[in-house]
Amino acid sequence: MKLLEPQPIDGTASILGEGPVWLEASSELVWVDIEGCKICYMNMKTRNIRTIQTKNRIGAAVPHRDGGMLCAMEDGIYLFDGKTSKFQQISNTESDQPSNRFNDGKCDPQGRFWAGTMSLVGDRSAGALYRMELDGTVNKVLDNIGCSNGLAWSVDGAEMYYIDTFSGNIKRFDYCLATGEISNMRVAAAIHTDFGYPDGMTIDCEGMLWIAHWGGGRVSRYNPYTGECMEEVHLPAKLITSCCFGGEELDELYITSARVGYTEKMLEQEPYAGYIFKYKPGVKGLPVQLADVTILTDK
Ligand code: ZN
């Protein structure tokens, strides 16, 4: 078991950093600060950071095939046009539930956009998981979700992995690439309570899952077929939220963290809370899957 302490990369701390994505074309790492209402871009060659302010909390931002970013916000899904810096609402999913917000989101290997919601008032069953189809319509797939997180698909696209953070485990489904339907839910791995709560996740090219542990101060590598924890990477921050592969060779793991609710005293003890960390795990990841959904403007 490796026990390392990767140091943070330059930058400013997010309140609730989440959803890192590597943009290969521009060598940029993108992440969201959910509570800071920001999309953050960091050019890893120049280390320059630019931030885009959002009108309310943003749970995820993923690149769209035609440019721009699909953004899962408090009141639905938006397209952010990087050239004009304008947001356009393309789905009003859950706009009728003001005490919910969108959380983590990702695209399947066909470019459908999956994103889930969670309660802002502590209701542990008010959330849901949605799938934006290739034609731009949105369907609810799972109900009674506490905090929707951690999507990943197997390298061959035949399985989907999912985390409802409060469940404390990683779910595994059979996946139909043709329709986006999931079936045959079972537990891929149960996470020990010492590890905190499972949050965001990514998959490497060997089909193993990298899990971020909220409250657990680490990321870990899990085998979804055996449920075995193969590696732990300890970090100098407790609230670890998500991770993605990046770098020119896709051999670097970028890890987001949070400082939400921290007092000054806690920040003195944990000054790197909310920073981005980088780690070389010795295995490569997969390129980000772009969204390929049709943009419907009449919602
Ligand atoms: Zn998360």
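In which strand is the place of E252? In this predicted model, E252 belongs to strand β22, which spans residues 252-257. The residue counts as buried, because its relative accessibility is 13% and the limit for burial is set at under 20%. The side chain of E252 forms a polar contact with the side chain of Y254, at 2.8 Å. When neighbours within four places in sequence are set aside, the contacts of E252 comprise C244, F245, G246 and G247, together with K278, Y279, K280 and P281.

A second charged residue, R172, is located in strand β15, formed by residues 169-175. With a relative accessibility of 14%, R172 also counts as buried, and its side chain makes a polar contact of 2.9 Å with the side chain of E159. Beyond four places in sequence, R172 is in contact with E159, M160 and Y161, with N184, M185, R186 and A188, and with P224 and Y225.

The largest pocket of the model has a volume of about 520 Å³. Its lining is made up of 30 residues, among which K106, L286, P287, V288 and Q289 are the closest to the centre of the pocket. Two or more lining residues are contributed by each of the strands β1 (17-23), β5 (58-63), β9 (100-107), β13 (148-153), β17 (197-203) and β21 (240-246). In terms of residue class, the lining of this pocket consists of 21 nonpolar residues, six polar residues and three charged residues.

Definitions and conventions: Residues are numbered from 1 along each chain as its sequence is written. This is a predicted model: local features need pLDDT of at least 70, side-chain atom pairs count only at pLDDT 80 or more; totals for chains, interfaces and linings use all residues. Side-chain values use heavy atoms; hydrogens and water are left out. On a 1 Å grid over the protein atoms alone, a cavity is a set of points where a 1.4 Å probe fits but cannot get out, and a pocket is an open set with protein on both sides within 12 Å along at least five of seven lines; lining residues have an atom within 4 Å of a point. Grid points are joined across faces, edges and corners, and a volume is the space filled by probe spheres set on the points. Helices (H or I, at least four residues) and strands (E, at least two) are DSSP runs, numbered from the N terminus. Buried means under 20% relative accessible area, exposed over 50%, partly exposed in between (1.4 Å probe, protein chains only). A polar contact is a pair of N or O atoms within 3.5 Å; within protein, one must be able to donate a hydrogen and the other to accept it, and residues adjacent in sequence count only if both atoms are side-chain atoms. Contact means heavy atoms within 4.5 Å.
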